[in-house]
Amino acid sequence: MQLSWLALRDHAQPASEASSKKINYIYYLEKLFMIYKLIIIGSGPAGYTAGIYAGRAELKPLVFSGLSPGGQLMNTSLVENWPGGMRPLKSAKDSTNDIHHLIIDKSDKTMKMVVGIGGPELMMNMRQQAEKFGAEIIDKNVSKVELTGGIKRVFVGNEMFEAKTVIIATGAEAIMLGVPGEKKFMGRGVAVCAVCDAPFYKDKTAFVIGGGNAAVIDAIALTKFAKKVYLVHRRDELRASKIMIKRVIDNSKIEILWNTELKEIRGEEKVEEVVLQTSQGSELALRDRPDIKSGLEVRNHDMKADGVFLAVGHRPVTEFFKGQLELDKKGYIVTKGGRVGVTQTSIDGVFAAGDVVDYNYQQAITAAATGCQAALDAEKYLSNKKGDYEKYKN
Amino acid sequence: MAVQFTDQDFEEKVLKSDKPVMVDFSAEWCGPCKMAGPIIDELAEEYKDKMVIGKMDVDGNKTIAGKYGVMSIPTVILFKGGEEVERMSGFVGKEGYENLIKKVLGE
């Protein structure tokens with residue numbers, strides 16, 4: 001009877017494997033209380049990479065991928081800087097101007113390759129790879145955590161999951177501006193995924209708000225359809241990679257509105273107009289001198305708009321770790337390094353990886369790298385803790 | 001599997017349907033739509049007695065998407081008696097879609 005109950009609660013292991021395995025005392029106890037060795041929260045490159053490594057270390061990790069599995073790369077059409085990420089040129093759709101091609105010469109034939117891999121494709125591959133090595137993935141949002149103590153608790157609504165270690169890879173989410181009209185027109189002209197929604201703006205006028213890589217990529221994606229794209233940036237220089245800045249400058253459909261901020265989005269049923277505020281004179285030059293205001297001439301102007309794409313930046317998803325984990329001023333998780341590894345947070349057995357820690361690099365590959373480190377750190381922590389097993393019994 | 005609606009059969013299959021209908025506006029090139037696809041298929045199977053659940057490729061069927069002001073995908077619109085009753089943009093996970101279906105079914 002107990003065994004059938006166990007089988008019911010056993011999410012972690014296929015029945016055949018469970019029955020073939022010798023059920024020793026520790027194994028039995030673990031199943032009874034369903035204590036996972038590792039729970040991973042997040043499903044971007046950091047979360048899935050942690051899943052792959054932890055799976056291969058036979059930790060049978062449980063991954064909460066959230067309601068939007070795959071993280072930010074799901075909104076990117078082509079990731080050009082993932083090393084080794086290439087595929088053969090397939091369809092005519094691939095042959096757009098900003099895709100880099102490469103001809104590979106093999107002895108018997110030449111092959112045209114697209115340099116880059118689709119964001120969703122890359123993330124689906126990572127997910128399948130993690131599952132292949134034994135990670136269990138649940139597409140639900142975590143609602144609460146209790147991380148202090150030897151056994152960590154992760155809640156999804158009323159369900160509770162327990163684990164000896166937790167890796168936090170919740171990443172970052174797009175920042176909304178909070179200007180009037182932004183919420184009202186979401187999905188009706190206001191959007192956050194240019195790659196998804198660009199085709200709806202055929203021969204229309206779109207505004208992209210922001211000045212980083214995301215904004216620049218969005219602006220370029222929109223030019224394939226829109227007749228005009230305004231890039232609205234509050235400073236007088238872009239913070240994007242050189243190659244992307246060059247593509248923006250070279251694109252005749254994109255006009256950059258420097259030193260300009262979005263103040264309001266107006267319309268009836270959908271977006272019709274934006275209110276912008278431009279500061280004449282360099283805001284950049286004046287930002288370190290708050291005492292000097294006179295050089296700044298501020299001017300409001302309205303412009304006709306069909307779409308507004310928000311790409312002002314991201315903030316770490318750490319709301320429900322507040323009060324438990326040490327966070328820095330901007331809300332990023334602080335990692336300690338030290339004996340148990342670089343991804344160790346302020347709580348023993350809790351590790352963090354990816355954009356939720358990293359305000360500096362924020363790349364898919366740096367996120368994946370720290371996800372790998374976190375899994376190795378968790379594995380090491382678990383092996384050191386083996387002697388303490390008795391205290392988990394009750 | 002979810003049915004595929006087109007501009008041509010939309011009136012017949014959606015507006016004139018006896019049961020409520022959920023239409024998932026999506027496209028091949030949209031990442032979040034790819035995540036939604038298999039979930040929409042599952043829900044179509046699970047609710048096949050109570051609701052018609054189908055997909056509409058906005059690439060080939062611009063008229064209906066335009067008529068209903070779909071400017072962001074994935075967007076689901078739920079119809080009852082030929083009228084739009086609910087709408088949601090963005091990928092919201094199985095629970096999110098299910099909540100919307102239950103709301104329309106009054107469950």
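This report walks through a sheet, a helix pair and a chain contact in a predicted model.

## Ground rules

Residues count from 1 along each chain as its sequence is written, and chains are lettered from A, with ligands numbered from 1, in the order in which they are written. Since the model is predicted, local features need pLDDT of at least 70 and side-chain atom pairs count only at pLDDT 80 or more, while totals for chains, interfaces and linings use all residues.

## The sheet in chain B

Chain B holds an open sheet of five strands, ordered β1-β3-β2-β4-β5, with mixed pairing. Strands here are DSSP runs of E with at least two residues, helices are runs of H or I with at least four, and both are numbered from the N terminus; two strands pair if DSSP finds at least two bridges between them. At the edges sit β1 (3-5) and β5 of chain B, each pairing on one side only. On average, neighbouring strands are turned by 30° against each other, direction ignored.

Take β4(B), residues 75-80: five of its six residues are buried (20 or more other C-beta atoms within 10 Å of a residue's own, with C-beta atoms placed from the backbone). Strand β2(B), residues 21-26, runs antiparallel to β4(B) and is joined to it by five bridges, with B:Phe25 partnering B:Thr75. Six bridges tie β4(B) to β5(B), residues 83-89, again antiparallel. Here B:Thr75 stands opposite B:Ser89, and B:Lys80 faces B:Glu83. The β4(B)-β5(B) hairpin has two residues between the strands, and B:Gly81 takes a positive phi near 55°.

## Two helices in chain A

Over in chain A, α7 (213-223) and α8 (242-250) pack at about 40°, axes 10 Å apart. Axes are lines fitted to C-alpha atoms, for helices over the stretch in contact, and angles run from 0 to 180 degrees between N-to-C directions. The pair is therefore oblique, the label for whatever is not under 35 degrees (roughly parallel), over 145 (roughly antiparallel) or 65 to 115 (roughly perpendicular).

On the α7(A) side, the contact uses A:Asn213, A:Val216, A:Ile217, A:Ala219 and A:Ile220, and α8(A) answers with A:Met244, A:Ile245, A:Arg247 and A:Val248. Contact means C-beta atoms, placed from the backbone, within 7 Å.

## Where the chains meet

Between chains, 17 residues of chain B are in contact with 21 residues of chain A. On the chain B side, the elements giving two or more residues are α2 (31-46) and α4 (93-105). The largest share, four residues, comes from α2(B).

Key: Contact = placed C-beta atoms within 7 Å. Buried ≥ 20, exposed ≤ 12 C-beta atoms within 10 Å, placed from the backbone.
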